[in-house]
Amino acid sequence: MSDSDRPVVLRNGLVLTMDDSHTVLEGADVLVVGDRIAEVGHHLTAPDDALEIDATGGIIMPGMVDTHRHMWQTAMRGYGADWTLTQYFVWYYLESGKLFRPEDVHAGNLLGAIEAIDSGVTTTVDWSHGLQTVDHADAAVDALEAVPGRFVLGYGNIQQGPWEWSTSDAFRDFYRRRIDGGKLAGFQLAFDVPGDPAFPEKAAFEVARDLGVKVTTHAGVWGATNDDGIRLMYENGFMTPGTVYVHAATLSSDSYHRIAATGGSVSVSTESEQSAGQGYPPTWTLRKHDIPVSLSMDTSVWWSGDLFSAMRTTLSADRSREHLEAHGAKETVTHHHLRAEQVVDWATRGGAKALGMDSEIGALTPGRKADVVLIKNDDSPAMFPVLHPYGHVVYQAQRGDVHTVLIGGKVVKQDGKLVGGDLAGARAKVGTTVDYLRETMGEDLWKRGMNPEIPESRILHNPYQYTK
């Protein structure tokens with residue numbers, strides 16, 4: 001029997017079960033048999049052939065869930081660090097994004113999928129809006145199936161209207177060949193609703209309904225999608241349970257009420273919303289409207305693929321807004337409403353609920369699929385002492401502290417090293433993509449795309465500074 005087929009027991013860790021009561025167990029074990037969690041508790045009896053992992057000094061938690069990541073863009077990691085959302089749209093939607101071949105989508109997905117596993121993200125929604133052809137879509141799925149993670153494909157194509165690509169024979173054939181009965185963990189239609197009164201997106205919603213799949217959509221994005229899109233979805237009966245609204249940062253209270261009333265949830269990408277300009281990260285108002293939240297990283301062309309960073313920035317942004325609102329009313333916040341515990345829930349259980357997978361993943365309880373992460377780093381001074389477990393996950397831990405990852409009971413990372421996934425091969429493929437894009441664009445356009453013009457700065461007149 002190979003190691004990948006053996007039972008696994010993680011011993012003597014601090015276990016964040018993320019069950020309905022958020023039970024925390026100190027010095028506890030997690031036993032995995034097959035692809036499921038068999039037991040969680042103290043001094044568990046494991047089969048003789050079990051792989052034993054010492055979790056002493058570490059935190060055992062469910063695998064994290066990212067509900068919105070443009071994985072095809074991983075090949076351009078960090079290229080757009082100084083972009084605004086406008087510059088992102090121009091580069092990907094209008095100009096250079098059209099250059100991506102199927103093999104380039106494959107390369108980005110491959111590296112992005114391996115990166116997710118390495119950082120403790122066991123389930124990722126590939127919000128794949130670069131699928132210009134079904135050949136691109138096949139390449140995207142090939143990459144996801146080559147990595148031992150749990151992936152949901154959000155099928156999109158920013159070069160066509162969703163009413164065009166979703167109703168095509170080619171798309172139907174792709175769905176039949178690769179999705180219906182395929183290996184992926186799930187499937188969504190990924191498209192936006194800008195608010196055209198004619199509501200041409202209706203045809204795509206009807207396709208989703210006919211296939212029995214959910215829709216994920218960028219909503220409430222400043223200058224792109226707004227309350228009109230939400231209203232059109234609602235009036236036409238397409239705001240349904242399971243719909244995921246990404247960002248949702250600039251909507252009216254009426255739109256938030258509609259999302260809450262129809263059973264939708266919001267995928268918050270705080271690093272993105274803070275930097276690109278979709279709107280202020282909305283958790284502070286989503287909480288008031290009782291809208292379920294999940295977390296996501298958006299795209300590595302700007303930011304990290306690190307859900308630890310997502311938790312940290314989300315909690316900080318929410319608290320910053322709470323203080324700002326209070327100061328504007330001449331008041332003082334003496335007790336935070338949003339706690340680290342809730343943000344860890346959003347990164348795990350919240351993502352599972354958003355994807356309709358709550359009975360399978362997102363918590364460490366017997367019977368659920370064994371997607372397990374051990375955070376442990378004996379060489380890091382920041383990993384001791386662990387006093388506030390949720391606070392430690394959010395504010396102290398980072399991707400380099402991910403010691404062990406199990407997905408469906410299989411060890412895919414152990415002792416800080418990847419077990420599954422061909423990282424060297426993925427790096428080589430991405431290198432080929434970068435060379436191709438750089439050569440095709442030309443050096444001048446390549447550099448200008450990475451270094452947008454800096455607007456003129458104006459310094460306020462200082463009446464206390466005297467000059468002759």
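How many residues does helix H11 have, and how far does H11 reach from its first C-alpha to its last?

**Entry 1: ground rules**

I noted that this is a predicted model, in which local features need pLDDT of at least 70, side-chain atom pairs count only at pLDDT 80 or more, and totals for chains, interfaces and linings use all residues. Residues are numbered from 1 along each chain as its sequence is written, and side-chain values use heavy atoms, with hydrogens and water left out.

**Entry 2: helix H11**

I went to H11 (residues 307–328) and found 22 residues. From first C-alpha to last, H11 reaches 31 Å. That is close to the 32 Å expected at 1.5 Å a residue. The expected span is 1.5 Å times one less than the number of residues. I took helices (H or I, at least four residues) and strands (E, at least two) as DSSP runs, numbered from the N terminus.

Next I looked at the two ends. At the start of H11, a side-chain oxygen of Asp306 comes within 2.9 Å of the backbone nitrogen of Phe308. After H11 comes Lys330, with a positive phi near 60°.

**Entry 3: the nonpolar cores**

I looked up Met311 next. Leaving out residues up to four places away in sequence, Met311 touches Met64, Leu295, Val343, Val344, Ala347, Val393 and Val394. Contact here means heavy atoms within 4.5 Å.

Met311 is also one of the residues with the most contacts inside the largest nonpolar core, along with Phe187 and Leu189. That core has 105 residues. Helix H2 (residues 102–118) gives the most to this core: eight residues. I then found a second, separate core of 18 residues, including Leu25, Val32, Val372 and Val411.

For the term, I wrote down that a nonpolar core is a set of buried Ala, Val, Leu, Ile, Met, Phe, Trp, Tyr and Cys residues joined through side-chain atoms within 4.5 Å. Buried means under 20% relative accessible area, exposed over 50%, and partly exposed in between (1.4 Å probe, protein chains only).

**Entry 4: the eight-stranded sheet**

In what order do the eight strands of the open sheet lie? I read E6-E7-E8-E9-E10-E11-E12-E13, with parallel pairing. Two strands pair if DSSP finds at least two bridges between them. The edges are strand E6 (64–69) and strand E13 (293–295), and each pairs on one side only. On average, neighbouring strands of this sheet are turned by 25° against each other, direction ignored.

I followed the pairs one by one. E6 and E7 run parallel over four bridges. Val65 has Thr123 in E7 as its bridge partner. E7 and E8 are joined by six bridges, again parallel.

Is E7 mostly covered or uncovered? It is mostly covered: eight of its eight residues are buried. Helix H3 (residues 134–145) lies across strand E7 (121–128) and strand E8 (150–155), at about 170° to E8. For such angles, axes are lines fitted to C-alpha atoms, for helices over the stretch in contact, and angles run from 0 to 180 degrees between N-to-C directions.

**Entry 5: Leu374 and Thr404**

I found Leu374 in strand E14 (residues 372–375). Leu374 counts as buried because its relative accessible area is 0%. Beyond its neighbours within four places in sequence, its contacts include Leu10, Ile53, Gly58, His403 and Thr404. Leu374 and Ala354 are 20 residues apart in sequence and 23 Å apart in space, C-alpha to C-alpha.

Thr404 sits in strand E15 (residues 402–407). With a relative accessible area of 1%, Thr404 is buried too. Its side chain makes a polar contact with the side chain of His403 at 2.6 Å. A polar contact is a pair of N or O atoms within 3.5 Å; within protein, one must be able to donate a hydrogen and the other to accept it, and residues adjacent in sequence count only if both atoms are side-chain atoms.

I checked Phe384 and Pro385: a cis peptide bond joins them, with omega about -10°. Pro385 lies in the loop between E14 and helix H13 (389–395).

Asn12 is not a glycine, yet its phi is positive, about 60°. I placed Asn12 in strand E1 (residues 8–16). Asn12 is partly exposed, at 37% relative accessibility.

His43 also has a positive phi, near 55°. His43 lies in the loop between strand E3 (36–41) and strand E4 (51–54). Its relative accessible area is 72%, so His43 is exposed.
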